[in-house]
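Please walk through the packing and the charged pairs of the structure below.

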Amino acid sequence: MKMNKIAFFILLSLLASCGVSKPTTQPKKTVHTTQKPVNKQKTENSPEKVLTKIPEKENTIQPKSEILEATQKVRVTTEMVVAYISQFKAVAKENMIRDGIPASITLAQGILESGAGTGDLSVQANNHFGIKCHKEWTGESVKHDDDALQECFRKYKHAEESYRDHSYFLTSRAWYKPLFLLPKNDYKAWARGLKKAGYATDVKYPDKLIGLIERYQLQQYDAEVLGTGFSTKPTDQKEEITNDNKYRVVKGDTLYSISKKFNITIEELKKKNNILDNSLSLGQSLIVK
């Protein structure tokens with residue numbers, strides 16, 4: 001009888017131990033299997049991996065650019081200026097034939113005053129020459145900050161109207177008459193004459209126009225109208241000195257190499273030639289002394 005009781009208690013203890021072990025092992029399997037896929041999914045779609053791809057798109061070479069500053073300061077690329085010239089060279093030549101204003105001067109003013117067509121006045125009002133309303137203007141107008149706040153500027157339906165009005169503006173005012181006594185192929189004299197007649201208040205205005213004309217060889221359009229011919233000098237030679245004070249940029253030149261060649265600092269070279277950044281153009285004429 002005692003043996004049966006002992007056996008009975010042993011059997012109960014074994015059954016109890018087996019019953020407890022089952023629930024303790026089962027939750028471990030459940031937790032293990034549900035956490036793995038959640039962790040893997042977070043790793044694959046984590047924002048860190050997406051962000052690492054962004055800098056690769058930013059490593060692109062930016063085209064050379066320059067700052068044009070007249071009624072507004074804007075930064076444009078060489079390609080933008082060349083496209084602008086291509087668009088308006090015909091109307092500039094037409095104005096030269098009709099009114100006698102060198103096409104090079106008209107284009108240089110248009111590039112400078114309008115920021116090659118990207119400035120606010122040119123975009124909002126098709127005004128490419130910064131011409132203000134004045135008393136006789138009866139057309140549409142816009143307000144723009146210039147020498148004073150919110151000045152009145154002329155607004156045109158098309159940019160070509162701005163070019164024609166620019167021509168009329170110069171031919172209809174007595175103080176610009178001395179300009180028309182100058183040779184049509186002397187763009188330097190015209191640039192200085194515009195400043196002297198009061199077209200712009202910027203003391204460097206003539207130098208800016210001359211720099212644009214020589215950089216983009218706008219005088220070729222004067223030659224086409226006058227029938228005098230225009231030839232581009234070779235730019236792949238080792239060195240080209242135009243006179244005692246000027247040097248023409250050739251392939252491989254930098255501001256540093258030119259400054260060393262003529263014993264002038266880079267800052268002096270930039271100041272003398274109104275260069276706002278470190279870019280140079282082939283054939284560009286620089287004052288070096």
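**Charged pairs, rings and cores**

Arg173 is buried, with a relative accessible area of 11%; buried means under 20% relative accessible area, exposed over 50%, and partly exposed in between (1.4 Å probe, protein chains only). This is a predicted model, in which local features need pLDDT of at least 70 and side-chain atom pairs count only at pLDDT 80 or more, while totals for chains, interfaces and linings use all residues. Residues are numbered from 1 along each chain as its sequence is written, and side-chain values use heavy atoms, with hydrogens and water left out.

The partner of Arg173 is Glu136, and the two form a salt bridge whose closest N and O atoms are 2.3 Å apart. A salt bridge here is a side-chain nitrogen of Lys or Arg within 4 Å of a carboxyl oxygen of Asp or Glu. Glu136 lies in the loop between α6 and β3, and Arg173 in the loop between α7 (159-171) and α8 (187-196), so the pair ties together parts that are 37 residues apart in sequence. Helices (H or I, at least four residues) and strands (E, at least two) are DSSP runs, numbered from the N terminus. Glu136 is partly exposed, at a relative accessible area of 45%.

Arg154 and Asp165 form another salt bridge, with 2.7 Å between the closest N and O atoms. This pair links distant parts of the chain, as Arg154 is in strand β4 and Asp165 in helix α7, 11 residues apart. Arg154 counts as buried at 3% relative accessibility, and Asp165 is buried with a relative accessible area of 12%. Through salt bridges that share partners, Glu136, Arg154, Asp165 and Arg173 are joined into one network.

How many salt bridges does a search of the whole structure find? The search finds eight. One of them joins Glu151 to Lys132, with the closest N and O atoms 2.9 Å apart. Glu151 lies in strand β4 (residues 151-154) and Lys132 in the loop between α6 (120-125) and β3 (141-144), so this pair ties together parts that are 19 residues apart in sequence. Glu151 counts as buried at 16% relative accessibility, and Lys132 counts as buried at 19%. Side chains of opposite charge can pair when their charged atoms come close.

Next come the aromatic rings. The structure holds 11 aromatic pairs. Rings of Phe, Tyr and Trp (its six-membered ring) pair if their centres lie within 6.5 Å; planes under 30 degrees apart count as stacked, over 60 as edge-to-face and the rest as tilted. Tyr84 and Phe88 make a tilted pair, at 4.7 Å centre to centre and 50° between the planes. Both lie in helix α4 (residues 78-99), four residues apart, which is about one turn of the helix, and both Tyr84 and Phe88 are buried. Phe129 and Tyr163 pair edge-to-face, at 4.8 Å centre to centre with 80° between the planes. Phe129 lies in the loop between α6 and β3 and Tyr163 in helix α7, so the pair ties together parts that are 34 residues apart in sequence. Phe129 counts as buried at 1% relative accessibility, and Tyr163 is buried at 0% relative accessible area. One aromatic cluster is formed by Phe169, Trp175, Tyr176, Tyr199 and Tyr205.

Tyr199 also belongs to the largest nonpolar core. Of the 40 residues in this core, Ile85, Leu107, Leu194, Tyr199 and Leu218 touch the most other members. A nonpolar core is a set of buried Ala, Val, Leu, Ile, Met, Phe, Trp, Tyr and Cys residues joined through side-chain atoms within 4.5 Å. A second, separate core of 12 residues includes Phe262, Ile275, Leu280 and Leu286. In soluble globular proteins, nonpolar side chains tend to be buried together.

Helix α9 (residues 205-215) is mostly covered, with 10 of its 11 residues buried.
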